[in-house]
Amino acid sequence: MTEMVTETSNITIQELQPALIEHFKKLTTMNQLAHAYLFAGQEGVGKIELSQWIAMRLFCTADEDLKPCGVCAECRRILSGNHPDVVVVKPDGQSIKVDQIRFLKSEFSKSGVEGNQKVFIIEKAESMTASAANSLLKFLEEPVGTVTAFLLTENKNQILPTIQSRCQLVNFAALSQDKLIQSLLNKGVLKDQANLLVHVTESISRAEELSQDENFIEMTKQVWNWFNKLLKNDTESFILVQTKLVPLVKEKNQQLLMADLIILLARDCLLVRYNRKEQISFSDRLAEIDKVIQLISDEKLVEILDNCLQIKNLLQTNIAFQSVLESTTLKLIDL
Ligand SMILES: [Zn+2]
């Protein structure tokens, strides 16, 4: 028995979404699958893997213990996207076009055998054009033979209500931080960096992207440098805002990212103070944080976090990022 391995990591879908696997194990065993499902959830939570798992349950020739084998010819063809009765539709460029849906329908009407099981999986279903969505809608209303449809989306609000109403909605829970960290480690991201990244984003691909982003890596370094000096009441921290921090954040989303890093550092200080070291984000700075907060009172640490949290609010107004950081620095330094 080979465990099915997901495309994005070495975590099996059984480990990723155990409750959903149990749910669909029952439905497939009792032959009670709905005609169409809308799988909604962040990228990386196992939507494609679960739809493939269900398809394999339907076609596997060596299914045992209510699990598809993952290695028979049927399973392998499904996993490689080459099964004639399991059709996967992906965006062609930015969108899924009406021709792709027409092609899908023609493929499915070819089958002469009544009751022949067929599955189609539409990735990024929210990217269907209006005409593609309408064409699909007719198909969902009048399916040919035994068809099971999986529409996958990261944003169910962008799916036409008429389509939603034809599908059973399955919400995928976001991955726990432990699972995210494990996935990142499997992709070669270092432990300390993975620790930090899962506090910055819930998306595996975004975390992976940031792990290779020079600007982000420099940002984490410079934010720590500034924060460390601030905690030591070093007035150089004021200068660092203009010379080191501001040049790294030209765009609003970068400013928000930097604000997040600052908040995480302030939070880390309190976590270390209250002996919850295993929860900190900047785990590579643990020893330094531990040392620098020795001379700082609990009240002061709370005041620091409070002021750091306000940076994000101030960014919503039109005050320049540099001014926000400079005034925060001045407020927190005890001269
Ligand atoms: Zn199999």
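Modeller: Here is the pair, followed by the chain around it. This is a predicted model, so local features need pLDDT of at least 70 and side-chain atom pairs count only at pLDDT 80 or more, while totals for chains, interfaces and linings use all residues. Residues are numbered from 1 along each chain as its sequence is written, and side-chain values use heavy atoms, with hydrogens and water left out.

Our pair is helix 5, residues 98–110, and helix 6, residues 130–141. Helices here are DSSP runs of H or I with at least four residues, strands are E runs of at least two, and both are numbered from the N terminus. The two axes come within 7 Å and cross at roughly 20 degrees; axes are lines fitted to C-alpha atoms over the stretch in contact, and angles run from 0 to 180 degrees between N-to-C directions. Helix 5 and helix 6 are therefore roughly parallel, a label for angles under 35 degrees.

Who touches whom? On helix 5 you'll find Val98, Ile101, Arg102, Lys105 and Phe108, and they meet Ser131, Ala132, Ser135, Leu136, Lys138 and Phe139 of helix 6. Contact means heavy atoms within 4.5 Å. By class, that meeting has 6 nonpolar, 2 polar and 3 charged residues. Nonpolar covers Ala, Val, Leu, Ile, Met, Phe, Trp, Tyr, Cys and Pro; charged covers Asp, Glu, Lys and Arg; the others, Gly among them, are polar.

Zooming out, the protein chain has 16 helices and 5 strands. Its C-alpha atoms fill a box of roughly 85 × 45 × 30 Å along the principal axes.

Terms used. Parallel < 35°, antiparallel > 145°, perpendicular 65-115°, else oblique.
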